[in-house]
Structure formats: structure tokens, C-alpha cells
Amino acid sequence: LRLIPADDSVADVTFSFMVHDGTAYSAAAYILTTTHSAVQDLPTSAAATVSNVEDTLITYAAGNFAFTDVDSGDSITRIKITIIESSGDLECNDAGGVDDDWQDCVADDWVSAGTALRLTPAADSTADVTFSFMVHDGTAYSAAAYVLTTTHSAVNDAPTSAAATVSGTEDTLHTYAASNFAFTDDDSGDSISRIKITVLES
């Protein structure tokens with residue numbers, strides 16, 4: 001005779017029984033109660049996506065990391081980095097509980113859940129940035145690691161130019177072309193559309 005209790009339940013389980021002496025059963029039935037003491041259940045998380053803007057520092061909040069725990073009252077207390085960022089610069093504040101301010105995160109660093117993780121994306125990049133993490137419930141980490149993806153929406157990058165020299169002929173009208181003015185823009189597809197005079201001709 002054996003009992004498999006319900007998953008994640010600490011409820012008492014009862015059943016009724018009679019005993020037999022080889023000839024007859026007891027006249028009455030009796031109750032056997034099995035109590036269940038709690039054991040630590042590991043927390044779980046899930047893959048998540050956070051939105052950011054190109055060239056903008058983002059500081060992550062605890063709410064950016066999914067957290068589930070069947071143990072009543074447990075909440076996320078730590079975040080452990082298992083695979084570092086795919087690009088940019090992910091920084092940990094006081095990693096491992098050591099008072100050393102903001103430093104580049106390395107694999108197996110952990111930080112207190114909250115505002116102890118921040119990402120500086122690569123300059124002029126709209127690429128998604130990923131890193132992997134585990135969550136902690138105050139007693140243990142999740143068994144699995146999960147991926148946080150940070151997307152980056154584009155912002156307009158100002159164009160640049162450069163000093164240039166154009167050859168002309170004495171006493172001859174010269175009409176400038178757009179190609180006489182150097183033009184560079186990090187935003188794909190942008191081209192020179194206007195020229196603004198800031199200082200008049202000498």
C-alpha cells in the first residue's frame with residue numbers, strides 16, 4: 001500500500017480502513033491521516049522581450065524578468081547571468097553582493113533583483129541584444145536558464161559632411177552639384193536633401 005500525494009500539495013491525506021486477524025475484520029473502520037511537510041520548490045521564469053531605443057541606456061527592473069513559484073510568499077530576489085550579452089555592454093551593480101558599483105557582467109555574476117542590471121547598446125545599432133539568466137527565490141535558483149531579448153527602435157542620426165574643394169574657372173559662373181558636398185549618414189537609405197548656408201561667401 002502506498003500513496004502518491006498531489007503535486008506541490010502539503011494538504012493532509014486521509015483514508016479509512018479496517019483490519020483483519022486472519023478470520024474476520026474489525027467491527028469499526030478507522031482513519032489514517034498522512035501529513036505532508038513542505039519542501040523547497042524551484043522557481044521558474046520564461047523568455048521575455050524588452051523594448052528600448054537606439055543609443056539609449058536601459059536599466060532593467062525586476063518586472064522585466066518573469067517569475068513563478070508554487071511556494072506561497074516567494075518572490076524574485078536575485079538574477080544570475082549565465083550567458084553574457086550578444087552585443088553592447090551589460091553591466092552589473094555590486095555583482096555577487098560585493099560593493100564594487102557598476103562593472104561589466106561576466107557569466108555566473110548575480111545581482112539583487114531590481115535596478116542592478118543595465119545595458120548600453122552598441123552605437124547606432126538597432127540589433128536585438130540577448131543574454132541568458134536564472135532567477136532566485138531567496139533559497140535556490142531556477143533549474144533552467146532563460147533568454148531576455150532587448151529590441152531597439154531606430155532614432156534619426158544626424159548626417160555629417162566634410163571640408164571639400166571644387167575647381168572652377170576665372171570669370172565663369174559655377175553651379176554646384178549635390179555631389180560637391182560630402183554626405184555621410186548612419187541611417188540606411190538617407191541621402192542629401194538640402195544645403196544650408198551658415199557663412200556667406202568670402
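**View 1. The largest nonpolar core of this predicted model has 22 residues****.** Tyr60, Phe65, Leu90, Leu117 and Leu148 touch the most other members. A nonpolar core is a set of buried Ala, Val, Leu, Ile, Met, Phe, Trp, Tyr and Cys residues joined through side-chain atoms within 4.5 Å; buried means under 20% relative accessible area, calculated with a 1.4 Å probe on protein chains only. S10 gives the largest share of this core, four residues. Strands are DSSP runs of E with at least two residues, numbered from the N terminus.

**View 2. Leu90 and its contacts****.** Leaving out residues up to four places away in sequence, Leu90 touches Tyr60, Ile81, Glu85, Gln103, Asp104, Cys105, Leu117, Arg118, Leu119 and Phe131. Contact means heavy atoms within 4.5 Å.

**View 3. Strand S11 (residues 146-153) pairs with S3 and S10****.** Strands pair if DSSP finds at least two bridges between them. S3 (residues 48-53) runs parallel to S11, joined by six bridges, and Val50 stands opposite Thr150. S10 (residues 129-136) is antiparallel to S11 over five bridges, with Phe131 opposite Leu148.

**View 4. A disulfide joins Cys92 to Cys105****.** The S to S distance is 2.0 Å; a disulfide is a pair of cysteine sulfur atoms within 2.5 Å. Cys92 lies in strand S6 and Cys105 in the loop between S7 and S8, so the link ties together parts 13 residues apart in sequence. Cys92 is buried at 1% relative accessible area, and Cys105 is buried at 4%.

**Notes.** Residues are numbered from 1 along each chain as its sequence is written, and side-chain values use heavy atoms, without hydrogens and water. In this predicted model, local features need pLDDT of at least 70 and side-chain atom pairs count only at pLDDT 80 or more, whereas totals for chains, interfaces and linings use all residues.

Terms used:
Buried < 20%, exposed > 50% of the residue type's maximum accessible area, 1.4 Å probe, protein only.
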